[in-house]
Amino acid sequence: MILNKVATKSSQIRACANCSAQGEDTWVFERTTRGVVNLCLSCKTRVLKLSFSSKGVEKRRLISLKATLQELRQRKAKLSANIIDIELSKNIKELEDAIKRPSQPKNIWSPILPGSFEGGKHK
C-alpha cells in the first residue's frame, strides 16, 4: 500500500513489483508499507486508486491502530506483575474498541435532494 503519492520515474529498466513486467516506464515509490517499490504505468494507476480510496484509508487506519495496540501491549508486558497501570489498560481497551467499530462514513452532500424543488429532476 502506498503511503505517499510522490514518485520518481526510473531511468533504468526495472521489474514491476505488482505484475513483474520489465520495462523502462517504471515509477519508484519510496514511502510504502513494503519499503521502496517499483511500479509500471498501468499498475501505478491501479495501486494509487486502491491506496487512496475509502477502503485504502480504512485499511491504513486499522494498520496504524493495530501497531499502536501491539506497542502498548508490549509496554504492559514489560511492567512487573504487581504494578498495575490503569491509564495503560484504559488506552488498550479504547484501541481494541476502535479496531472493532468501523470508521464513520463521510456524508456526501447532494445539491439535488429528493422532494426539493421540481422533484429533484434536472432540466
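Predicted model: local features only at pLDDT ≥ 70, side-chain atom pairs only at ≥ 80, totals over all residues.
User: What makes strand 1 and strand 4 a pair?

Analyst: Two strands pair if DSSP finds at least two bridges between them. Strand 1 and strand 4 have 3 bridges, in the antiparallel sense. So they meet the definition of a pair. Residues are numbered from 1 along each chain as its sequence is written, and side-chain values use heavy atoms, with hydrogens and water left out.

User: Why are strand 1 and strand 5 called edge strands?

Analyst: The open sheet has 3 strands in the order 1-4-5, with antiparallel pairing. Strand 1 (7-9) and strand 5 (37-40) each pair on one side only. The twist averages 30° from one strand to the next. Strands here are DSSP runs of E, at least two residues; helices are runs of H or I, at least four residues; both are numbered from the N terminus.

User: Why is T26 called buried?

Analyst: Buried means under 20% relative accessible area, exposed over 50%, partly exposed in between (1.4 Å probe, protein chains only). T26 has a relative accessible area of 1%, so it is buried. T26 sits in strand 4 (residues 26-29).

User: Which residues does T26 touch?

Analyst: Contact means heavy atoms within 4.5 Å. Not counting residues up to four places away in sequence, T26 touches T8, K9, S10, Q12, R14, L39 and C40. T26 and C40 are 14 residues apart in sequence, yet their C-alpha atoms are 4.3 Å apart.

User: How do you know that the length of helix 3 agrees with its residue count?

Analyst: The expected span is 1.5 Å times one less than the number of residues. Helix 3 (residues 86-100) has 15 residues, so it should span 21 Å; its end C-alpha atoms are 21 Å apart, which agrees.

User: What makes the buried residues of helix 3 line one face?

Analyst: L88, I92, L95 and A98 are buried in helix 3. Seen down the helix axis, the buried residues fall within an arc of 125°, so they line one face. That arc is taken from the directions from the helix axis to the C-beta atoms. The face turned away from the buried side carries the exposed residues I86 and K100. Helix 2 (54-78) is included in what covers the buried residues of helix 3.

Methods:
Axes fitted to C-alpha atoms, helices over the stretch in contact; angles between N-to-C directions.
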